[in-house]
Amino acid sequence: MGIDRQQRQIHKVMIVEDEHDILLLYKDYLKSKGYSVIASSTTADEAFIDFEKYKPDLIIIDYKLPGIKNGLQAAKEILTKFPSARILIITAHEDIKNELNNDDDFFRNKRIEIIIKPVRLARLDYIIQEV
């Protein structure tokens, strides 16, 4: 049971990143690759509302963000209501993979990936195709 290639195509991307220069870097790179960056936030607290409003094909979210929630908590909130959402978490903390795997199997069979910083843009593009 494979996903139809048309269904896997990612066109609309939402980015949640608090470092403005990195946000612009991702945004410019993704636009140059043909993606439409439809929303960008600087806190995980806004991520669910923006996701619900814009319905992106993919959300790229930094793990450590200002505010009450981190990126993983925002991802869980989104996946609770939208279980087929595709999420890419970017972090400098490798132990986040353990947190993802130890969460009572909540993330099992979900379309979620973690990339450890520093992120090479070519790798980002490759992983977007695989999420």
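The model shown is predicted, with local features requiring pLDDT of at least 70, side-chain atom pairs counting only at pLDDT 80 or more, and totals for chains, interfaces and linings using all residues. Residues are numbered from 1 along each chain as its sequence is written, and side-chain values use heavy atoms, with hydrogens and water left out.

View 1. Helices (H or I, at least four residues) and strands (E, at least two) are DSSP runs numbered from the N terminus. The 13 residues of α2 should span 18 Å at 1.5 Å a residue, and the end C-alpha atoms are 18 Å apart, which agrees; the expected span is 1.5 Å times one less than the number of residues. L23, Y26, Y29 and L30 of α2 are buried. They lie on the same side of α2 because they cover an arc of only 140° around the axis, the arc being that of the directions from the helix axis to the C-beta atoms. H20, D21, D28 and S32, on the other side of α2, are exposed. Buried means under 20% relative accessible area, exposed over 50%, and partly exposed in between (1.4 Å probe, protein chains only).

**View 2. Packing of α2 on α6.** Helix α2 (residues 20-32) meets helix α6 (residues 121-130) at an angle of about 65°, with the axes 11 Å apart. Axes are lines fitted to C-alpha atoms, for helices over the stretch in contact, and angles run from 0 to 180 degrees between N-to-C directions. L25, Y26, Y29 and L30 of α2 make the contact with L121, A122, L124, D125 and I128 of α6, where contact means heavy atoms within 4.5 Å.

View 3. The bond from K117 to P118 is cis, with omega near 0°. P118 is located in the loop between β5 (111-116) and α6. Most peptide bonds are trans.

View 4. K55, a residue other than glycine, has a positive phi near 50° and sits in the loop between α3 and β3. With 42% relative accessibility, K55 counts as partly exposed. N109 is likewise not a glycine, and its phi is positive at about 65°. The loop between α5 (96-101) and β5 holds N109, which is exposed, with a relative accessible area of 74%.
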